[in-house]
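Open the structure in a viewer and keep the sequence beside it. The tour goes from the whole chain to single side chains.

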Amino acid sequence: MIINKSILIALGVVIGIYFMYKFLFSRSQVDEDYNEKYNKVLTSEEYKVKGQYDK
């Protein structure tokens, strides 16, 4: 019985650490959408300023 409790506690700790990692270190969808739009504006011909990429 003690072994079962130890296994359940260890499993709970592992799952808790996993969820904390996902919560603290995950990138949100908003950040990805923002970066996609930002990169589109930087590289698009539509938003190009005269002489911006000319060398």
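What follows is a list of selections, with a note on each.

This is a predicted model, in which local features need pLDDT of at least 70, side-chain atom pairs count only at pLDDT 80 or more, and totals for chains, interfaces and linings use all residues. Residues are numbered from 1 along each chain as its sequence is written, and side-chain values use heavy atoms, with hydrogens and water left out.

**Whole chain.** Show it as a cartoon: the chain has 2 helices and 0 strands. Both terms refer to DSSP runs numbered from the N terminus (helices H or I, at least four residues; strands E, at least two). Now switch to a surface. Its accessible area is about 5800 Å², and 65% of that belongs to carbon and sulfur atoms; the areas come from the Shrake-Rupley method with a 1.4 Å probe, and for residues only the protein chains shown count as cover. Of the 55 residues, 2% count as buried. Buried means under 20% relative accessible area, exposed over 50%, and partly exposed in between (1.4 Å probe, protein chains only).

**Helix H1.** Select residues 2-25. From first C-alpha to last, the 24 residues of H1 reach 34 Å, close to the 34 Å expected at 1.5 Å a residue; the expected span is 1.5 Å times one less than the number of residues.

**Phe23.** Stay in H1 and pick Phe23, which is exposed at 69% relative accessible area.

**Aromatic pairs.** How many aromatic pairs does a search of the whole structure find? There are 2. Rings of Phe, Tyr and Trp (its six-membered ring) pair if their centres lie within 6.5 Å; planes under 30 degrees apart count as stacked, over 60 as edge-to-face and the rest as tilted. Select Tyr18 and Phe19, an edge-to-face pair at 5.6 Å centre to centre with 65° between the planes. Tyr18 is partly exposed at 47%, and Phe19 is exposed at 54%.

Next select Tyr34 and Tyr38, a stacked pair with 6.2 Å between centres and 20° between planes. Both lie in helix H2 (residues 29-43), 4 residues apart, about one turn of the helix. An α-helix has 3.6 residues a turn, so residues three or four places apart point the same way. Tyr34 counts as exposed at 57% relative accessibility, and Tyr38 as partly exposed at 46%.
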